Amino acid sequence: MALTITCPICGRRNGYEFRFGGEDKGARPDEEGLSPEDWCDYTHNNTCIAGIQKEWWYHRDGCGSWFTIHRNTITNLEAEATA
Amino acid sequence: MNRLNRLPTLRVNPSEKLTFNYIGSSCQGVKGDTVATALYANDVRIFGRSLKYHRPRGLYSMDGECSNCCVEIDGIPNVRAETTLLRNGMNIRPQNVRKSPDTDIMGFMDKMDWAMPAGFYYRCMHKPAKLWPFFLKQIRKAAGLGRISPDFHMKGRYDEIYPNADVCVIGGGAAGMTAALTAAGQGLRVILLESRPWLGGFFDYRTAEYTPSQEGISRTLCERARELSEQLENAPNVRTFVHTAMIGAYSNNLITAFQTGNKSDAFDERYMEIRAKSVVVATGCIERPLLFDNNDRPGVMQVGCAHRLAQTYGLLPGENAVFSVGHDLGLEAVLDLYDMGVSVACVADVREDGQDPHLLEKLTERKIPFMRGWTAHTAHGSKTLEKVTLSTLSGAQHREFDCDTLVASAGLTPVTGPLTLAQAKLAYDNHTGFFLPEKLPEKMYAAGRMLGLQSPLSIETSGKLAGLSAAADCGTSLEHEIKQTREELRNLAGPVRGSKFVTAPVRGQKSFICFDEDTTVKNIDQAIQAGFDAPELIKRFTAAGTGPGQGGIPGHNLPLLVSQWHTDSGLAVQPTTVRPPLVPTYLATYAGAKHDMCKRTPAYESQKKAGGVMQRAGVWKRARRFSDDIRCQEEVENVRSNVGILDASTLGKFRIFGPDALRALERVYVGDMSKVSEAKIRYSAMCNEDGCLLDDGVVVRRGENDYYFTTSTGRAGQTVEWIRYHARYENWDFSIVNLTDAFGVINLAGPNARKVLEKLTDADVSNAAFPFAGYREFAIRDTIPVRVMRLGFVGELSFELHVPSSFMQTLWELIEDAGKPLGIRNFGLEAQNLLRMEKGHVIIGSESEQRTTLHDLGLGFLWYRDKPQAKTVGAVALRQTEHQEGRLKLIGFRMEDASSRSPKDGSVIVDSTIRGYVCSARHSFALNEPIGMALAEPQLADTDTRLEIFEDSGDDRLYAKVVPMPFYDPEGEKLRI
Ligand SMILES: [Zn+2]
């Protein structure tokens with residue numbers, strides 16, 4: 001896998017070691033007054049940025065932590081955060 | 001055939017013989033031979049027949065750039081004879097021939113070219129549509145290279161490695177070796193890849209003089225190559241992989257390759273994924289074929305092929321040769337082959353000028369006729385070459401020469417595949433006639449002959465420059481050295497002018513631009529007449545370059561040829577795209593070692609000794625049953641009436657502790673976890689965000705903020721990830737430990753279970769002291785610590801003992817001994833399956849699938865709705881789907897006819913349409929009739945509804961009726977004794 005991911009604990013490793021955890025969408029919304037549409041947006045719908053996105057990864061074959069990275073979805077390379 | 005065995009360039013050992021089989025006759029080769037050179041040594045000239053016209057084809061290049069020399073070896077089709085080393089006992093057969101390559105009965109196809117213009121498949125056979133299936137069959141029969149038996153089993157050892165390096169150098173010629181040595185000299189870790197079985201590239205087989213060093217020691221190119229290769233061998237931080245073909249380049253400088261192993265390696269082929277900080281590409285050149293009529297006739301071969309055949313393998317290509325060349329390497333080959341005893345009738349050179357004067361001098365010394373501005377025009381000979389017509393470039397003059405070998409080449413062409421794969425931008429360079437890298441990706445450099453360099457010193461210096469640049473990318477400060485080397489290179493000979501000549505002045509009906517697909521120059525003309533203007537489109541229409549050679553033969557000629565039609569349009573010459581794998585690779589190599597790894601529980605051996613049929617279940621190997629009876633009647637009845645033991649060690653087991661452990665549990669479990677107590681187990685479930693059942697298990701509290709819980713076997717691997725995922729936005733303080741492998745689990749079940757346990761412990765295990773759903777910790781025989789749960793999965797009095805894995809074997813034997821007087825027996829997964837079914841208990845994945853919610857299974861009561869602040873995973877969906885209509889519901893059924901057999905798992909419930917399906921059904925010994933569970937539409941869920949069951953084999957329907965669950969002991973009294 002061409003992708004490498006930098007785990008905050010273990011350092012830069014081959015992408016094979018990780019599991020993708022989706023876009024960074026923020027904390028779970030409150031259940032009170034939540035419409036089915038909003039819930040569906042939170043759980044299933046994605047922004048699918050063509051460019052740099054913040055996303056979750058799990059170091060499955062490593063330390064077992066969840067963390068976020070920025071990745072350029074066009075080049076499939078880790079990137080610096082953009083404003 | 002006699003070998004020249006005293007050459008300094010030789011790479012074979014003529015005294016070490018190898019025996020192989022070719023179409024039924026035993027032949028001999030020597031150690032170091034490729035399959036192609038061994039066949040050539042045995043006077044094989046026609047290696048196979050071409051795809052479309054069944055024309056005879058022979059040895060043409062030496063690096064597998066076309067399918068001419070694809071053969072079948074030991075049942076494996078399409079093996080490239082030129083790059084495969086000969087081994088003792090190989091069984092070799094030609095391809096695409098009926099009978100033998102010399103007498104192929106399909107040879108008449110060669111006369112049919114008028115009927116098969118470019119793109120004729122697309123244009124001729126689609127009308128009328130109803131005939132297409134017929135044509136399809138005929139085309140399929142005729143098309144394709146190689147045949148493989150459908151039950152062929154691929155033998156061999158395959159492996160994979162994932163090495164890291166600072167610098168990866170692709171290509172082990174002079175430039176690549178220098179680059180590797182330079183980078184290694186900076187203390188960096190270097191990986192060097194070379195596709196041939198040895199290093200040396202263009203230097204390896206040549207005895208021409210290497211430009212003398214300052215000390216004035218004269219050396220040949222071959223000696224220089226071996227000197228560099230020796231230096232590499234002694235460089236401690238260089239890993240050299242020979243016989244290793246680079247096949248792909250990806251972002252982040254990831255290079256993939258495959259390596260062919262030799263006898264002493266532990267693999268036959270292995271896949272490599274190399275991660276480097278920077279990359280040097282020094283893949284050199286191959287030859288650009290010269291196009292003329294019958295340029296594919298066996299006996300016609302490229303310069304490097306003839307030259308290496310002699311110098312590397314000690315085989316003369318023929319007795320009487322004619323040369324038609326376009327670069328100085330061709331003239332060098334003339335001289336060497338002449339000196340070895342080949343008679344040279346004539347040398348044609350498409351260049352009017354620019355030849356190395358020293359080489360011309362030597363030609364004159366030997367009185368070899370040399371003709372500037374001449375080219376091969378037509379090759380003659382019915383099967384192999386007999387005669388050649390040469391002509392001037394314009395075609396005004398002709399001359400004929402008898403010969404058995406025509407060494408022909410238009411010029412060189414750089415091997416740019418690796419650069420293209422890495423997304424480098426290439427542009428046509430008018431001076432060299434090459435596609436040169438215009439913009440290279442970050443941290444990638446090109447060096448050597450592929451840049452058009454020819455002088456040995458220039459080639460090595462460009463390698464040094466690339467090596468330094470690549471080293472600088474790894475953090476070494478080398479600005480000064482780089483500047484100096486760049487200056488050095490500028491003062492040396494630059495890229496040489498390249499010939500752009502492509503095709504002799506012929507109509508091109510039998511001039512083959514692509515051997516693999518039998519594409520002729522005329523086909524290209526036809527494509528252009530049909531309106532295709534870009535090489536990429538012409539490639540698709542004529543199939544040129546789409547064969548196993550990956551465009552090695554037509555790759556450069558096609559754009560040059562097409563550009564001749566565009567002289568007025570000002571369009572740039574465009575290359576066609578290459579794609580990975582650059583070199584054909586076995587799927588077996590990609591598949592790798594196929595290690596089948598599984599886990600065994602600590603009681604594995606005991607169960608196996610007891611006659612357990614051990615089968616794969618997920619990552620584990622578990623006991624399915626303990627007799628030949630697939631219904632497991634005795635195992636089941638023994639649990640119902642006496643006592644049995646089951647190894648349940650595969651259950652997921654976890655400790656979660658810390659101030660926020662309860663919060664984490666509340667997040668993932670649908671139940672009210674605040675009620676979990678120390679003396680009582682709590683059964684609960686985990687759902688996904690859609691409210692569908694993921695997992696079920698029990699939770700107990702072992703101390704303050706300290707919990708122990710179990711998961712189903714299948715979820716054990718993902719549970720830590722799941723819980724941490726759903727806590728990722730919270731700053732909760734908790735720890736979770738996977739104890740799955742640290743604890744074994746024994747389920748002691750049956751009305752006599754307590755009698756067995758009492759013998760082993762002083763703890764009070766009476767129903768009053770340790771009731772159903774209780775949790776206790778005590779010691780067995782005062783020593784073995786156990787965590788014991790009173791559960792009811794199989795529907796009888798049962799104790800589930802969790803014990804440290806190291807004690808598991810001992811405890812297992814203690815229980816067996818204590819139960820022996822009572823007649824204790826093992827029971828396996830199949831028996832457990834029936835026992836739990838009789839109780840109406842679901843198994844995830846059996847009574848549920850991805851779309852099955854807690855409500856569908858009738859387990860909605862597990863969901864505690866009054867904890868919105870916990871933001872429980874699945875709670876929103878459970879609320880939204882609580883009253884949703886039309887969902888499949890879990891139902892129990894009995895057969896209408898109690899004496900009928902039970903339907904197969906997965907059978908569908910039908911009326912005029914499909915209404916549901918059977919999850920599992922078995923013959924119940926307790927009820928003495930078949931029972932089952934199904935997911936069916938809610939209209940069918942009422943008791944006594946008649947179900948019509950269709951099995952995928954047979955026309956008979958089975959009939960059942962819906963009954964309430966559980967089937968056995970509905971009051972649950974047996975659990976509570
Ligand atoms: Zn990590």
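## A three-stranded sheet in chain B

In chain B, three strands make an open sheet in the order β22-β23-β24, with antiparallel pairing. Strands β22 (374-380) and β24 (398-402) of chain B are the edge strands, each pairing on one side only. From one strand to the next the twist averages 25°. Here two strands pair if DSSP finds at least two bridges between them; helices (H or I, at least four residues) and strands (E, at least two) are DSSP runs, numbered from the N terminus.

Strand β23 (residues 387-392) of chain B is joined to β22(B) by six bridges, and the two run antiparallel. Within this sheet, Thr378(B) stands opposite Thr389(B) in β23(B). Strands of a sheet pair through backbone hydrogen bonds, either parallel or antiparallel.

## Basis of the model

The model is predicted: local features need pLDDT of at least 70, side-chain atom pairs count only at pLDDT 80 or more, and totals for chains, interfaces and linings use all residues. Residues are numbered from 1 along each chain as its sequence is written, while chains are lettered from A and ligands numbered from 1 in the order in which they are written.

## A hairpin in chain B

Strand β1 (residues 13-22) and strand β2 (residues 25-31) of chain B pair in the antiparallel sense over seven bridges. Leu18(B) stands opposite Gly29(B) in β2(B). The hairpin of β1(B) and β2(B) has two residues between the strands, and Ile23(B) takes a positive phi near 40° there.

## Contact between the chains

Chain A contributes 20 residues to the contact and chain B contributes 17 residues; two residues are in contact if their C-beta atoms, placed from the backbone, lie within 7 Å. On the side of chain A that touches chain B, the elements giving two or more residues are α1 (36-43) and β4 (52-58) of chain A. The most comes from α1(A), with three residues.

By class, this side of chain A has nine nonpolar, seven polar and four charged residues. Ala, Val, Leu, Ile, Met, Phe, Trp, Tyr, Cys and Pro count as nonpolar, Asp, Glu, Lys and Arg as charged, and the others, Gly among them, as polar.

## A helix pair in chain B

Helix α11 (residues 456-473) and helix α12 (residues 479-490) of chain B pack at an angle of about 160°, their axes 9 Å apart. Axes are lines fitted to C-alpha atoms, for helices over the stretch in contact, and angles run from 0 to 180 degrees between N-to-C directions. The helices α11(B) and α12(B) are therefore roughly antiparallel to each other (an angle over 145 degrees). Among the residues that meet are Leu465(B) and Leu468(B) in α11(B), and Ile482(B) and Leu489(B) in α12(B). The contact of α11(B) with α12(B) has five nonpolar, five polar and four charged residues.

## Individual residues in chain B

Leu560(B) lies in helix α15 (residues 557-564) of chain B. Leu560(B) counts as buried because 21 C-beta neighbours lie inside 10 Å; a residue is buried if 20 or more other C-beta atoms lie within 10 Å of its own, exposed if 12 or fewer, and partly exposed in between, with C-beta atoms placed from the backbone. Not counting residues up to four places away in sequence, Leu560(B) touches Lys500(B), Val502(B) and Val573(B).

Asn96(B) has a positive phi of about 60° although it is not a glycine, and Asn96(B) is buried, with 22 other C-beta atoms within 10 Å. The peptide bond from Pro580(B) to Pro581(B) is cis, with omega near -5°.

Definitions and conventions
Angles under 35 degrees count as roughly parallel, over 145 as roughly antiparallel, 65 to 115 as roughly perpendicular and the rest as oblique.
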